[in-house]
Structure formats: structure tokens, C-alpha cells
Amino acid sequence: MREFLGLSKISPRICHLLQEIGRVGKENAQSVYVVGGFVRDLLLGRENLDIDIVVEGDAIDFAYQLATIWDGEVQIHQKFKTATVTRLDGLKLDFVSARNETYLSPGALPSVEYGTIAEDLRRRDFSINALAVQLQPDTFGEIVDCTDGLHDLRAGRIRALHEQSFIDDPTRIFRAIRYEARYRFQIVESDQQRIRNAINRGVLNLISGQRLRNEIDHILSEASAPQMVRRIDQFNIFSALHPTWKISPNFNVLWRAARQAIEWGTTSLPHDPINTKAILWMTLLNTPEAIKTVSSRLALESQLCTKLSVQAQLEHDLNTLSASSKPSEVYQLLHLYPLEPLVFALMQPNQPNWRGEQIANYLTHLKDVQPLITGDDLIQRGLKPGRAFSDLLWQALAAQLDGKVPTTQEIYQFLDDEK
Ligand code: ATP
């Protein structure tokens, strides 16, 4: 039976764009489709502005034609025969040639050849992602469903398109888990078994650190990350990636704290660049042993590793503060740490209010205090750089942080008195 996408589901602006693309397809005598996540989400009533267009033929040439009409910019990815057009209104559309892929070895990126839309859809990961909608004027809106994706979408099922799917590309294991939790669907039982078998065969060892890391980054930023992480753990994926990798039984609490930390950081520290991914990774990696081994397996950047590995020391240092610690004592301890572990520590539940206030005061105020006197000022007063010199500078800053010396004049007086 022919099924059509209800046009009322698409916003008029997007509908107009898709019709324009269809008209160019007709002029070129090329079939052209919108595919993948856009179609899936539209059918589920969710907005998705990731628009992937598949052209039967040369997508790069096609993208140039649209870019000319829209006065947009084109970016070419020759290796994958794809192009991205960025319109003046900022909307980006990806154009891909319908293709046929073969996997030369499990876990590797596939080799690519031109193909038909049916071939293109069959090479995809799951039936719910293998739906296309025709864009040419005479068939506009007709759904192309070669893999029974509509049926699975309506039944809430995640189903891979062939038996070897998780072996050919083990990142699909993460993708299946992601869709399952995001849409509250179920991975079909036979695929759950295939996932277990693939993991037992060691396929995860075949994925590069970078690809694994991308998948986990993606998961950590989803609203249902706790359910996804629990599911990954149920499949024993973390321990298969490294035996030292254990997920905290408090993961949900940690993850909520991380989300609050990101929100607090972006609103309260708008001028400080905060690596939000680093904060999210703190929920997954928190023992020194796991940080070391997993970072190396996932090729995490050394800057990120540092941010992760100071967590235990920070917790220890925070325990040395008391409600009566002076701002200069808080500064002395906290200025050694990157922002991310501090913002994360701020949001930890079950800590005394005064501790949160100290960390927040450090982050929003103390860390940005500009010293009233600098080394140059001391040199001009005839002092020579050295240990005593640094001590003086610190005493001056500490007095300033503790509110004892609001002016430069008073700071010199204070230093003279301290001698
Ligand atoms: P999300 O909403 O999570 O971004 P998406 O469906 O838009 O999901 P993308 O990663 O943007 O996902 O991929 C676009 C489409 O490309 C998918 O819908 C799917 O059809 C196909 N695809 C992506 N990754 C794979 C893969 N590893 N194997 C096969 N097909 C894939």
C-alpha cells in the first residue's frame, strides 16, 4: 500500500524547501528523497532539523544547484560523495548520493559506491532509520519503506537490517541503545542476542577509540542518558571495553549534578570557556585506575584526562576547608584546579551549604580578583625576585581577597606592618 507523509506535519518553511529540492530533481530527471532521522522523527511527531537528502546520482553537483538558488555555501566531502549546503538563514542540509556500501573488515569504515535508493536504505542501521520520502512534485510525500520500518516505528521496535549488522559496524550497538531509551522502544529480542554475541566475540575491540568516544559523547548529552548508560552496563559493555571500568551505582545522581553544573556554568560564568563534555565524562570515569586505562583506550585528550584525574584530590582538598575558612584559604586551595571539576563539585548533593557557597564565591568572584600590586610594583620599590618576594605578593593578594586592603596605598601599609 502506498503511504504518504502528512504534509501538515512539516513546518511550511521546511515543506517549501523540500518542494524546491524536488523541483530541481525533476528538472535533472533525478530521483531525490529526504531520509533517515528527519523522517523517523517527523512520523513520531518530534522536531528534527537534521535534513539529509539522498540523490540518485551525483549529490555534489545537485548541492551546487541548490546553493545557487538559495545563495548558500557548499562544503564538499569528496571521500563520502556528500555535500553540505548552508543557507543564508543558517539552516544546513546534507546531500548524499544514494550508495551501496561494503565492509572490507568488521569495525572499519565501509567502502562506498553509487547505488539506488533501495540499496541506500538497506545499508542503513535500523528499519526505523531506513525510511525515505520522495520529493519530486508528482510523488511528493510518498514514503519509501523497503525494510518494514513503518511497522517497526508504530510497534516501537529497534530492528537491525541484517544478521551481521552489529559485527559489520559495532557502533550500531550504541546507536540501538540510544534510540531504544530515547523513544522508549525495545531492541527486538533477536538483536539483543546478536548484540551479546557480537560483544562476546570481541567486536568492541575493533572500534577505534575516537569512534567509541563519539558514541559515548552522544549518549551523555541525551536527556535519557541514565537509562542508556544502565543498558550499556547491562550488556557488560563498559567492562568489555576495560575490566577496570565500573559505573557508579549513583550514576543517575552524578549525571543530574553534571547537567546542573553545565547549566550553572553557562549562565553564571558566561566568560569562562567550560568544556561541558569534560563535566559529563566525570560521571562515567571517577577512579584513578579507570581514568588511566579507559582514557588511553578511548584516546581522550590529555587536557580532558587532567580534568578527570584531579577529582579525587579536589574532594580531599575540599574536606580540609571549614565553614570559617577565609576567602584567601579557599582561593589558595581552589586556584590549582581547572574550572570543570570545581563546577561539578559545586553541584554535588549532600554537602554543607557553606561549602557550595565557598566554591561558588571562588568561581564567580575570587578567581577573577586582580592583584592590586604585582611583581613589577615590588621591583620598582627595590625588591629582588625570590622566595620572600613571592610570599609578599601572596600576602598582599590574600589580604585583598579577605577584604582587608581595598586600596594599593593600604596594601603597602599592610605589608610594612607584616614585616
Ligand atoms: P540522531 O537523531 O541521533 O542524530 P539520526 O538518525 O539523525 O539520529 P545520524 O547519525 O545523523 O542519525 O545518521 C543519519 C542517518 O544515517 C541515520 O538515520 C541512518 O539511516 C544512517 N546511519 C548513521 N549511522 C549509521 C551506521 N553506523 N550504520 C548505518 N547507517 C547509519
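Predicted model: local features only at pLDDT ≥ 70, side-chain atom pairs only at ≥ 80, totals over all residues.

1. A pocket here is an open set of points on a 1 Å grid over the protein atoms alone, where a 1.4 Å probe fits, with protein on both sides within 12 Å along at least five of seven lines, and lining residues have an atom within 4 Å of a point; a volume is the space filled by probe spheres set on the points, which are joined across faces, edges and corners.

2. Of the 33 residues that line the largest pocket, D52, R99, R123, R124 and R175 lie nearest its centre. Two or more lining residues come from each of α2 (37-43), β5 (92-97), β6 (99-102), α7 (171-183) and α9 (209-220), and α7 gives the largest share, six residues.

3. The lining of the largest pocket divides into 16 charged, nine nonpolar and eight polar residues. Because domain 1 (7-154) and domain 2 (156-241) both contribute to this lining, the largest pocket lies between them; the domain bounds come from an automatic or database assignment.

4. The second largest pocket holds about 540 Å³ and is lined by 20 residues, with L254, E315, F344, A345 and Q348 nearest its centre. Its lining takes two or more residues from each of α12 (251-268), α16 (311-318) and α18 (339-346), and α16 gives the most, five residues.

5. By class, the lining of the second largest pocket has 10 nonpolar, eight polar and two charged residues.

6. Residues are numbered from 1 along each chain as its sequence is written. Totals for linings use all residues, and side-chain values use heavy atoms, without hydrogens and water.

Notes. Helix = DSSP H or I, 4+ residues; strand = E, 2+ residues; numbered from the N terminus. Nonpolar A, V, L, I, M, F, W, Y, C, P; charged D, E, K, R; others polar.
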